[in-house]
Amino acid sequence: MAEKHTIVLIPGDGIGLEVSQAVVAVLNAADAPLTYEERHAGLIALDDGHDVLPAGTLDAVRRHKLALKGPCTTPVGKGFTSVNVQLRQKLNLHAAIRPVRSLAGVPTRYQDVDLVIFRENTEGLYSGIENEITPGVVTSLKVATEAACTRIARAAFEYARKRGRKKITVFHKANIMKQSDGLFLRCVQRVAEGFTDIVHDALIIDAGCMRLVQDPSRFDILLMENFYGDVISDLAAGLVGGLGVVPGANVGDAAAVFEAVHGSAPDIAGKNIANPLALLMSAVMMLNHMHETRGDERCKQAAERIKTAYNRALGDGCKTADLGGCLGTSQFADAVIERL
Ligand code: NAI
């Protein structure tokens, strides 16, 4: 029998524990050729007396080059630096790729959303450089480098060409942040010159938000810096049924970490009601990525089986509470497994 691929499983905390368990059950039932090295991060790691992002977790991702990750809580206004931001910066996972699609069986006011968000993942306002200049005055530095702006633009254009997508729209605020967002726009423009087959345009982000909620179907690929990408990801999730249905990949040159857009949802954690679909879709992205980068047909087959099964489950009305259904996390996973 051919070897399996070892990936790092980081369950995270909050609903991460429930949804990752459900997803691994589906992956195993679908014969995904995977074995798991489980590593901790976030509150769970802290409770065990480790760093919030233990060196062993980082080393494991560097070694296996792939991770499936649940969400990790970050304290608001105080406490440790976000595990997610640290992970992306330390592993140089420079591109966050988040497909946002309407799903049959998940009715929303829009039917034909099919867009992909490309978010620069390592700098911008999330560089973590904040200072108290004097009591009552703080600054937060927004960092834009030509290298990172060019890299994310190239990633978006290459993805568009490879996937047959036609148009890239940049969201920016270069009318106010003339230098940082201005640099972003110039880098996109330069990269675009090598991709004359892909149309591109740019929108000031406030107007972009309005157009997005008026008619999301007019957008194809959205490209933006870190902070805007974070906010727009949740906004876009709201167009297709919520955070329970939007997956994501954080991709770098040496590793890739697949995780849902949603957070640890402390309001529903431990109740077996969270939707595991966003993490399951992230796992499907991981399997497709493995097929592309490692050429293993078994990964593609497992990805297709899982995708067909969750679409069938949704079509049959099997849904968690966030989508108006009544199944719990593990029951939804069972419904997918029955349809594999
Ligand atoms: P959140 O995404 O955890 O939750 C927002 C709302 O969506 C909540 O009402 C929650 O119940 C609901 N929700 C989220 N995922 C769901 C799912 N799978 N099924 C059903 N409902 C779901 O965002 P929030 O509350 O702002 O953040 C909570 C914590 O998560 C914070 O500490 C934040 O820093 C962290 N976070 C971590 C992320 C990561 O690890 N990648 C990403 C976003 C937030």
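## A tour of helix packing

Select helix H3, residues 55-64: Thr-57, Leu-58, Ala-60, Val-61 and His-64 are buried here. The model is predicted. Look down the axis of H3. An α-helix has 3.6 residues a turn, so residues three or four places apart point the same way.

Now show what covers that buried side. Among the strands are E1 (5-10), E2 (34-38), E3 (66-69) and E12 (256-259). The cover also includes helices H4 (83-90) and H9 (277-294).

Step off the end of H3. Just after the helix comes Lys-65, with a positive phi of about 70°. Lys-65 is not a glycine, yet takes this positive phi. Its place is the loop between H3 and E3. Is Lys-65 buried or partly exposed? Lys-65 is partly exposed, with a relative accessible area of 44%.

Next, select Asn-92. This residue lies in the loop between H4 and strand E4 (95-101). Asn-92 also has a positive phi, about 50°, although it is not a glycine. Its relative accessible area is 34%, which makes Asn-92 partly exposed.

How do the two helices pack? The crossing of H1 past H9 is right-handed. Show side chains at the contact. H1 brings Val-19, Ser-20, Val-23, Val-26 and Leu-27. H9 brings Leu-279, Leu-280, Ala-283 and Leu-287. Colour them by class: eight are nonpolar, one is polar and none is charged.

For the last stop, select H7 (residues 205-214) and H8 (residues 226-239). The axes of H7 and H8 come within 11 Å, crossing at roughly 15°. Because the angle is under 35 degrees, H7 counts as roughly parallel to H8. H7 passes H8 in a right-handed crossing. Which residues of H7 and H8 make the contact? From H7, pick Ile-205, Cys-209, Leu-212 and Val-213. From H8, pick Tyr-228, Ile-232, Leu-235 and Leu-239. Colour this contact by class too: eight residues are nonpolar, with no polar and no charged ones.

Technical notes
Residues numbered from 1 in each chain as written. Predicted model: local features only at pLDDT ≥ 70, side-chain atom pairs only at ≥ 80, totals over all residues. Heavy atoms only, no water. Axes fitted to C-alpha atoms, helices over the stretch in contact; angles between N-to-C directions. Helix = DSSP H or I, 4+ residues; strand = E, 2+ residues; numbered from the N terminus. Parallel < 35°, antiparallel > 145°, perpendicular 65-115°, else oblique. Left-handed = near helix turned anticlockwise from the far one by under 90°. Contact = heavy atoms within 4.5 Å. Nonpolar A, V, L, I, M, F, W, Y, C, P; charged D, E, K, R; others polar. Buried < 20%, exposed > 50% of the residue type's maximum accessible area, 1.4 Å probe, protein only.
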